[in-house]
Amino acid sequence: MAAGQAPGNPLPAVRTYPPVEHPVVVIGPQYLAQYPVELGVSTKLWTLGENDFKVSDINGTLIFQIKSKLLSLHDRRFLKDAAGNTLVNLRQKIRTMHRRWEAFRGESKEEKDLLFTAKKSKLFQFKTELDIFLANNKGEVPDFKVKGGYGESSCSILVGDSNTMLAQMHRLHSLTTMILDTDSFGVTVYPNVDYAFIVALVVILDEINADRSGED
């Protein structure tokens with residue numbers, strides 16, 4: 001019995017989710033862990049021409065960084081490891097009905113290096129939902145889905161149309177984030193799920209949510 005726990009007082013139950021049947025690898029197997037990975041994603045708001053993210057673990061150690069070029073012809077984000085090596089570049093595809101982003105390995109733009117495509121599930125949405133298609137998926141059923149909550153304060157990342165949870169994200173609100181004019185997210189990535197891939201999806205989701213220019 002825990003210290004100070006009254007006799008017969010029940011402990012809160014722990015919610016469990018079905019584990020992923022097979023490891024989910026999109027960017028690389030080196031980003032799989034056998035335990036839940038807790039990450040913090042933070043970005044400075046309103047920086048001219050660039051919008052950089054930092055991704056840290058629970059000890060504050062830098063794991064990834066996202067560098068952005070917003071004033072180029074195409075919006076592009078570069079997911080880099082802590083040493084500055086580019087793992088993936090995320091590119092917004094313009095002139096599409098549903099807002100669409102493509103992820104390529106390294107700094108490539110070649111079709112052979114396409115890893116996945118993410119697009120809004122519906123043209124008009126009250127809450128953001130994304131469909132994610134791996135490069136070899138030419139069908140209509142997405143490999144993964146991002147389901148957002150109202151107010152864009154939280155979201156879940158799932159396998160296709162199943163209830164198998166891969167990760168959860170929630171927006172952090174604190175006095176510090178308000179004073180420093182930063183935007184922060186907490187991300188929990190479930191075991192055997194590529195956490196670099198999950199970070200890339202969180203960045204895309206944030207960029208789509210931040211675009212207030214229209215409902216496309």
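Me: What makes S8 and S9 a pair of strands?
Reply: It's a predicted model, and in it S8 and S9 run antiparallel with four bridges between them. The cut-off is at least two bridges, so four is enough to call them paired.

Me: Why is S8 described as mostly covered?
Reply: Buried means under 20% relative accessible area, and five of the six residues in S8 are buried. Over the chain, buried residues make up 46% of the 216 residues.

Me: Why is phenylalanine 144 called buried?
Reply: Its relative accessible area is 6%. The limit is under 20%, so phenylalanine 144 is buried. This residue lies in strand S9, residues 144–148.

Me: What is phenylalanine 144 in contact with, leaving aside its neighbours within four places in sequence?
Reply: Its contacts include Val24, Val26, Leu130, Ile132, Leu158, Leu166 and Phe197. As for Ile132, the two C-alpha atoms are 5.0 Å apart, though twelve residues separate them along the chain.

Me: Why does asparagine 192 count as partly exposed?
Reply: Its relative accessibility is 21%. Buried would need under 20% and exposed over 50%, so asparagine 192 falls in between and is partly exposed. You'll find this residue in the loop between strand S12 (182–189) and H2.

Me: Why is the pair of phenylalanine 64 and tyrosine 195 called tilted?
Reply: Take the distance, then the angle. The centres are 5.9 Å apart, and rings pair within 6.5 Å, so phenylalanine 64 and tyrosine 195 form a pair. The planes are 50 degrees apart; stacked would be under 30 and edge-to-face over 60, so tilted is what remains.

Me: What does that pair tie together?
Reply: Phenylalanine 64 is in strand S3 (residues 62–69) and tyrosine 195 in helix H2 (residues 195–210), so the pair links parts that lie 131 residues apart in sequence. Both phenylalanine 64 and tyrosine 195 are buried. Ring pairs also bring in Tyr31, making a cluster of Tyr31, Phe64 and Tyr195. The structure holds five aromatic pairs.

Me: How do you know which strand gives the largest share of the lining of the second largest pocket?
Reply: By the residues each element supplies. S7 has the largest share, three residues, while S6 (100–105), S7 (114–120) and S8 (129–134) each supply at least two. The lining comes to 14 residues, with Arg100, Thr117, Phe133, Asn137 and Gly139 nearest the pocket's centre.

Me: What makes up that lining by class?
Reply: Seven charged, four nonpolar and three polar residues. Arg counts as charged, so Arg100 is one of the charged residues there. The space in this second largest pocket is about 260 Å³.

Technical notes:
Residues are numbered from 1 along each chain as its sequence is written. This is a predicted model: local features need pLDDT of at least 70, side-chain atom pairs count only at pLDDT 80 or more; totals for chains, interfaces and linings use all residues. Side-chain values use heavy atoms; hydrogens and water are left out. Rings of Phe, Tyr and Trp (its six-membered ring) pair if their centres lie within 6.5 Å; planes under 30 degrees apart count as stacked, over 60 as edge-to-face and the rest as tilted. Buried means under 20% relative accessible area, exposed over 50%, partly exposed in between (1.4 Å probe, protein chains only). On a 1 Å grid over the protein atoms alone, a cavity is a set of points where a 1.4 Å probe fits but cannot get out, and a pocket is an open set with protein on both sides within 12 Å along at least five of seven lines; lining residues have an atom within 4 Å of a point. Grid points are joined across faces, edges and corners, and a volume is the space filled by probe spheres set on the points. Contact means heavy atoms within 4.5 Å.
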